[in-house]
Amino acid sequence: MRPATATAAAVTTLTVLGAAAVAAGRYASDAALGVPSGRPFPGDPRLTVHATGPGRITLTRSLASLRRGTYGIEADGLHAVVGPVLERVPHTADTVVRRLERVELGTLGPGARVRFTPQLHCGTPETALGLRYEDVEIPGELGTLPAWFVPGARRTWVIALHGLGTTRELPLNLLPFLHRRQLPVLIPAYRGDAGAPPAPDGLAHLGDSEWRDVDAAVRYAVRNGATHVILHGWGTGAAMALHAAAGSGVRDRIRGLVLDSPVLDWETTLRHLAAARRVPGFLLPLAVRAAQGRTGPHGDRLREVADPAALRVPVLLFHGPDDTLAPWDDSRRLADLRPDLVHLSVVRGAPHAAMWNADPVRYEEAVRRFVTPLV
């Protein structure tokens, strides 16, 4: 082969390989970050409903169906709530029986294929919980953000921020507790959520751009009578809270942060999301590079706002070793380095963003102790 021909062939091969790598990286980053808002968390298996009866449900036995606590189970057109495992009820070796609390949507019967979810409720604060609320509109960077506002007598508001894999309905788990404390609660949608403006690139940024919608929510609260706010975020919502506490122009109004399963390592969480959505392992480095090329160097910015030295307000942190999406080692490090501001409540046996579900009583008592001196 002539030298010129060989060179041309090599260039062509490299071009084809480069294009293939770009395409593979784009596919992998789309799998991790391009999912619709509210799509179930990746990784949890679908479980078969084997039987139902008064106050009980029999499910395929798995690590998911054996989790302690209270969870939602869902499928298309179906949502129900299950409570603790009923150990003394007869069952086969490959099944588990749990208490069936209620069916909120659809018909639950044998053969249904369901997933566990930390969301217990469907609907609005009024339809789900009987709590009076207002539909409000928050002016955001990309357009109007819909939000639920549940009024309370205090002047310190709680702004509740769901994360990936859930919707505005997740904070409804905690809403009765907050309402009893007479705390006004604002539950906003943010870019990419149903009813909110889409992200310009169609991708989630794990809090790095979405936090500007939190800034808009804080400004809305201040304009409407809040003297201070407490940000309570789950998963990427917790990362958004950290960004807002560091970068908001009204950050002086933020009195404290409650962080549940916080995303503190952007690249590691991206890898875990991609892997959980069945991206082959050899594509994971490409997924990170492609996501950075399409959305920016988020890892550096998240490290800055999650730097222990950068914290200025008290933090209550719920996390545990069973979170397979957002590693909890970073939470332990944050608590170890800033014991003056950060209290870590360790929750074992709970998946990502489900720390409340594992032990609601303990969770709410920790929040009560944290919030009381701040309001």
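1. Gly233 has Leu259 in S12 as its bridge partner. Strand S11 (residues 228–234) and strand S12 (residues 254–260) are parallel and share 6 bridges; two strands count as paired if DSSP finds at least two bridges between them. Strands (E, at least two residues) and helices (H or I, at least four) are DSSP runs, numbered from the N terminus.

2. This is a predicted model, in which local features need pLDDT of at least 70 and side-chain atom pairs count only at pLDDT 80 or more, while totals for chains, interfaces and linings use all residues. Residues are numbered from 1 along each chain as its sequence is written, and side-chain values use heavy atoms, with hydrogens and water left out.

3. S11 also pairs with strand S9 (residues 156–161), in parallel, through 6 bridges. Thr156 lies opposite His228 of S11. Of the 7 residues in S11, 6 are buried (under 20% relative accessible area, 1.4 Å probe, protein chains only).

4. S11, helix H5 (residues 236–247) and S12 form a right-handed β-α-β unit: with the strands pointing away from the viewer, the path from the first strand over the helix to the second runs clockwise.

5. The largest nonpolar core has 53 residues, and Ile159, Leu186, Val229, Leu231 and Leu257 touch the most other members. A core is a set of buried Ala, Val, Leu, Ile, Met, Phe, Trp, Tyr and Cys residues joined through side-chain atoms within 4.5 Å. Helix H4 (residues 211–223) contributes the most to this core, 7 residues. A second, separate core of 51 residues includes Trp148 and Leu175.

Note on methods
Buried means under 20% relative accessible area, exposed over 50%, partly exposed in between (1.4 Å probe, protein chains only).
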